[in-house]
Amino acid sequence: MDETISIVLFSGTDDKLMSAATLAAGAAALGKPVKIFLQYWGLNAFRAAGIDTDHGLAPEAGEVGKAAVDAAARAGMATWMQTLRMAKELGEVDIQACSASMDIFKLKQSDLDPLVDGVEGVAAFYINAGEGQIVFI
Amino acid sequence: MDIKLKVDASGLSCPLPILRATQGMKTIAPGELMEVVATDPGSVKDMAAWAGSTGHTLVEQDSANGKFRFVLRHK
């Protein structure tokens, strides 16, 4: 089971970042190579200044959803960042920033958290994804 | 049964139990046994899937008082 799992991470709220981190970590634990391609708000969340701030939740969370997520965090549930770090330690997880999104936000790689391994375009993303599954979050 | 490593994943939610199991397996040798204890009910299906996919063997599994215990043999 070593087909690559490629995750396009477009969204930048903490719930969707956690969803992507969970999928990445699970695949890494199964021994699958994982590629994460950061676009728009997903990329924005990986700015070195502010990666550990509150990124909010998707609008459908509402008050009740937010209370549930906050309670889980208080109970010590790992954050998406911690989960991704662990996934990178345990397996083969490569995180690339979309070059077009870098352009939009006028970012350089040095502006990003060290979790990000590099910058690439969509052609490189597809070539690296190969025949493996692509997940969009 | 000679358990080489005990991993306590109690109180941790998915995907941490299988991450802890992956971490643990890296520290023991082929043929050695690792015990994982978790409280996440999802870990029952997850640990079996993880073992099946990574090639390690789930040699024993039981549950009591909301705890799930797995014994895995390193491939």
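In the predicted model, Met18(A) counts as buried because 23 C-beta neighbours lie inside 10 Å, where 20 or more are required for that label. Met18(A) has its place in helix H1 of chain A. Although Met18(A) and Met81(A) are 63 residues apart in sequence, their C-alpha atoms are 8.0 Å apart in space.

Asp14(A) is likewise found in helix H1 of chain A. This residue has 21 other C-beta atoms within 10 Å, and Asp14(A) is therefore buried. When neighbours within four places in sequence are left aside, the residues in contact with Asp14(A) are Asp54(A), His55(A), Gly56(A), Leu57(A) and Trp80(A). Between Asp14(A) and Ala29(A), which stand 15 residues apart along the chain, the C-alpha separation is 22 Å.

Helix H1 of chain A also meets a helix of chain B. Two packed helices are described by the angle between their axes and the distance between the axes. For H1(A) and H1(B), the axes come within 9 Å and cross at roughly 35°, and the crossing is left-handed. On the side of H1(A), the contact is made by Ala25(A), Gly26(A) and Ala29(A), while H1(B) contributes Ile18(B), Leu19(B) and Thr22(B). Classified by residue type, this contact of H1(A) with H1(B) has four nonpolar and two polar residues, with no charged residues.

The contact between the two chains as a whole takes eleven residues from chain A and eleven residues from chain B. On the side of chain B that touches chain A, the elements giving two or more residues are H1 and H2 of chain B. Of these, H1(B) gives the most, with five residues. The side of chain B that touches chain A comprises six nonpolar and five polar residues, and no charged residues are present there.

Within chain B, helix H1 (residues 16-25) and helix H2 (residues 43-54) pack at an angle of about 35°, and their axes are 9 Å apart. Here H1(B) passes H2(B) in a right-handed crossing, whereas the crossing of H1(A) and H1(B) is left-handed. The residues of H1(B) that make the contact with H2(B) are Pro17(B), Ile18(B) and Ala21(B), and those of H2(B) are Ser43(B), Asp46(B), Met47(B) and Trp50(B). Five nonpolar residues, one polar residue and one charged residue make up the contact of H1(B) with H2(B).

At 1.5 Å a residue, its twelve residues should span 16 Å, and the end C-alpha atoms of H2(B) are 15 Å apart, which agrees. The buried residues of H2(B) are Ser43(B), Asp46(B), Met47(B), Trp50(B) and Ala51(B). Viewed down the axis of H2(B), these buried residues fall within an arc of 125°, so they line one face of the helix. An α-helix has 3.6 residues a turn, so residues three or four places apart point the same way. The cover over the buried residues of H2(B) includes elements of both chains: helix H1 (14-29) of chain A, together with H1, strand S2 (33-38), strand S3 (57-64) and strand S4 (67-73) of chain B. Just after H2(B), Gly55(B) takes a positive phi of about 95°.

Key: Residues are numbered from 1 along each chain as its sequence is written. Chains are lettered from A and ligands numbered from 1 in the order in which they are written. This is a predicted model: local features need pLDDT of at least 70, side-chain atom pairs count only at pLDDT 80 or more; totals for chains, interfaces and linings use all residues. Axes are lines fitted to C-alpha atoms, for helices over the stretch in contact, and angles run from 0 to 180 degrees between N-to-C directions. Helices (H or I, at least four residues) and strands (E, at least two) are DSSP runs, numbered from the N terminus. A crossing is left-handed if the near helix is turned anticlockwise from the far one by less than a right angle, and right-handed if clockwise. Two residues are in contact if their C-beta atoms, placed from the backbone, lie within 7 Å. Ala, Val, Leu, Ile, Met, Phe, Trp, Tyr, Cys and Pro count as nonpolar, Asp, Glu, Lys and Arg as charged, and the others, Gly among them, as polar. The expected span of a helix is 1.5 Å times one less than its number of residues. A residue is buried if 20 or more other C-beta atoms lie within 10 Å of its own, exposed if 12 or fewer, and partly exposed in between; C-beta atoms are placed from the backbone. The arc is that of the directions from the helix axis to the C-beta atoms.
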